[in-house]
Amino acid sequence: MSPTFYLYLSAILFTIGTLGVLLRRNAIVVFMCIELMLNATNLALVTFSRINGTLDGQVMAFFVMVVAAAEVVVGLAIIVSVFRTRRSASVDDANLLKY
Amino acid sequence: MTHAALHAAATLTPTMHTTGAFSFTWLLVVIPLTSATVLLLGGRRTNSWGHLLGVAAPVASFVLGLILFAQLIGKPASERSFDNHLFSWTFVGNFKAPANFQIDPLSISFVLLITGVGSLIHVYSVGYMAHDPGRRRFFAYMNLFVSAMLLLVLADNYLALYVGWEGVGLASYLLIGFWYHKPSARTAATKAFVVNRVGDFGLSLAVMLMFATFGSFTFTNVFGAAGSADHATMTAIGLLLLLGACAKSAQVPLQSWLGDAMEGPTPVSALIHAATMVTAGVYLVARSAPIFNVTPTARLAVTVVGAVTLLFGAIIGCAKDDIKKALAASTMSQIGYMMLAVGLGPAGYAFGIAHLLTHGFFKAGLFLGAGSVMHGMNDEVDMRRFGGLGKYMPWTFATFGLGYLAIIGFPGLSGWFTKDAIIEAAYHKGGTSGYLLGSAALVGVVLTAYYMTRVMLMTFFGEKRWAEDAHPHESPEVMKWPMVILAIGSVGLGYLLVLGSRFADFLAPVVGKAEDTAFKPIGLVGILTFVVMLAGIGVAYLQYGRRRVPAVAPVAGPLVVAARHDLLGDAFNESVFMRPGQYLTRLLVFFDYRGIDGFVNGFAAFIGGTSSRFRRVQTGFVRSYALSMFGGAVVLVAALLLVRG
């Protein structure tokens, strides 16, 4: 099985994530879509590592996972906090910071 | 005598280093300056004795001046120039400005005139200003004036002369506006100041041009190099000096301020606007003799200005009903004679200065007489409200009368000697210009005789036309005696100066000397002058002595109306300089507002407007931000691919 298919999968997952971020209103879903994009990237990195026969991509993927874990903590805390004050998790409702 | 020889004669006199009394020359200036400082800083505490100090200062300077004069006379003619070096004012590179005073025959003549006549007028002012609450301030300003005027004539370089020049301008401004509660006095002071700025501009340019050309402004250096300098430059310097002289001496075209300057107290008019300050222009030309000697063009300009002004002033004098303004117009006219004389070059310098000295006496006397009349008539100045005052003010009448005879050039009095000499010198110049200048001076004699006789008749003769509450009386002793002394000077100074060409010889080391300076009054010109003078008196007598003088100025022809309004000098200035100037200002203001400000403000408004439109992009919707980030990322990737592919 050619590693290229992993790349196609990665691209499809990334696109789904992107569309989710751009189109969905629920903050939790948007957040999950971001995770999806990160993991699609991880998949691409690992695939490139396999193709090139080096470990660089895998090391990179670990870094991305660490960042994603930290980001989840901070992001979920923010979403919970926003939900507590506004009784809503819609990203469109949190639009006070504007012109 | 050729120009070169003249120039040599004017600069040959070696400057001696100061010894003995001459090292105290600086005291002449410092004494009145100290007094002015004390009086101005002392304030009200000095009110009780301020006038005494104010009189003592010029008298002290006068005594010192007499001592210096006696010392100077004791030296041989070729050694009569002494420099009193005080300190180095500024030394920057080539720019050297030493503070030096110079005593020579020309400056000592002025020192004696300024301090002598000045002292008399100060004494007179004690009485004249006795009831004025600002008497101390008055004396402070007068002392300041004397100090600045002495600095002007004692300076040995043009820069220090310029300081004195501005100093007398300041004192003149302060004294014209002395009664600052009167709007007319304030306006007159401002007018005098502004008109004088025009002249000061010319003088300062002349000084700068000298520095640019010769690298120095000391008289010695400038005059030493004047002969070999570029002719056009010398003409330019001469004309710029003339511009300065025109403003200070109220010569056409900068004559308009002098009539209004009569708003000041009468002693001010006598000292500053008759005897001394207004003659500074004549001094400037005479002092710059070596410059004018090499440039006939500038000399011609000086003579033309003088001739025009002497007629201009005389015509105005014929129509004025205000006694002080009539005398002011006369001053203008007489200074025109002096300008004419000094413009003639070596043939005229001595006569011009001699007329300046005698004029200083008789015109100061006339002004003090006018002040005395006003003092007795509740400050009335309209001659149509005078009449028959001779009986009530015998001393004023007698002294004024002697001054009158002197100014019209009655044979034997001082004005006769000096004015006749100027007319002779003008005719002697030869050619068409000499003929025209001499004839202008001769017409001036008729007019002078006419307007002065008119003043005499309207004031001291005829029936009374007084206001009801007028009680004319003779002035107190302190005012009487200065008038008497000035009258004696008006009678006798002519003999002293002109006979035997004494004064011309005295001045020769400074201004050079023509071969022919002997006084010959009984020539054709002398007789002609006498005849036209009698004609002027006769016409005035027929008009104002035989007929009643109306108490209100009668309706008159256009020339008389113009003369009553200073020959439309103000109207000319207004239409030629003021209005176009205002339009120019408005144009510039418009350009400033619409052009410069318009561009700057418009640009700011453009940036502001665009920004507030762009601000709308910040919607607050997170997803739209995400979209733009996505778009940006796509563009970046596309760009990378393009560059690599």
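Below are legends for close-up views of a predicted model.

Residues are numbered from 1 along each chain as its sequence is written, while chains are lettered from A and ligands numbered from 1 in the order in which they are written. Local features need pLDDT of at least 70, side-chain atom pairs count only at pLDDT 80 or more, and totals for chains, interfaces and linings use all residues; side-chain values use heavy atoms, with hydrogens and water left out.

**View 1. Where chain A meets chain B.** Here 13 residues from chain A and 12 residues from chain B take part in the contact (heavy atoms within 4.5 Å). Together the two chains bury about 1100 Å², 62% of it on carbon and sulfur atoms; buried area is the accessible area (1.4 Å probe) that two parts lose on being put together, summed over both. Look for L22(A), D92(A) and Y99(A), which supply 55% of the area that chain A buries against chain B, more than any other three residues.

**View 2. The salt bridge between the chains.** The interface of chain A and chain B has 1 salt bridge (a side-chain nitrogen of Lys or Arg within 4 Å of a carboxyl oxygen of Asp or Glu). Its partners are R623(B) and D92(A), with the closest N and O atoms 2.5 Å apart. On the side of chain A that touches chain B, the residues divide into 7 nonpolar, 2 polar and 4 charged (Ala, Val, Leu, Ile, Met, Phe, Trp, Tyr, Cys and Pro are nonpolar, Asp, Glu, Lys and Arg charged, and the others, Gly among them, polar).

**View 3. Helices α15 and α16 of chain B.** Helix α15(B) (residues 323-343) and helix α16(B) (residues 349-376) pack at an angle of about 175°, with axes 9 Å apart. Helices are DSSP runs (H or I, at least four residues), numbered from the N terminus; axes are lines fitted to C-alpha atoms over the stretch in contact, and angles run from 0 to 180 degrees between N-to-C directions. The two helices are therefore roughly antiparallel (angles over 145 degrees). Among the residues making the contact are L327(B) and Y337(B) of α15(B), and F351(B) and L366(B) of α16(B).

**View 4. The loop between α9 and α10 of chain B.** P253(B) is found in the loop between α9 (231-248) and α10 (257-260), and the peptide bond from V252(B) to P253(B) is cis, with omega near 10°. A250(B) lies in the loop between α9 and α10 too; its phi is near 55°, a positive value in a residue other than glycine.

**View 5. A salt bridge between two helices of chain B.** E166(B) and R197(B) meet through their side chains at 2.9 Å, N to O. E166(B) lies in α6 (residues 158-176) and R197(B) in α7 (residues 183-214), so the pair ties together parts 31 residues apart in sequence.

Definitions and conventions
Angles under 35 degrees count as roughly parallel, over 145 as roughly antiparallel, 65 to 115 as roughly perpendicular and the rest as oblique.
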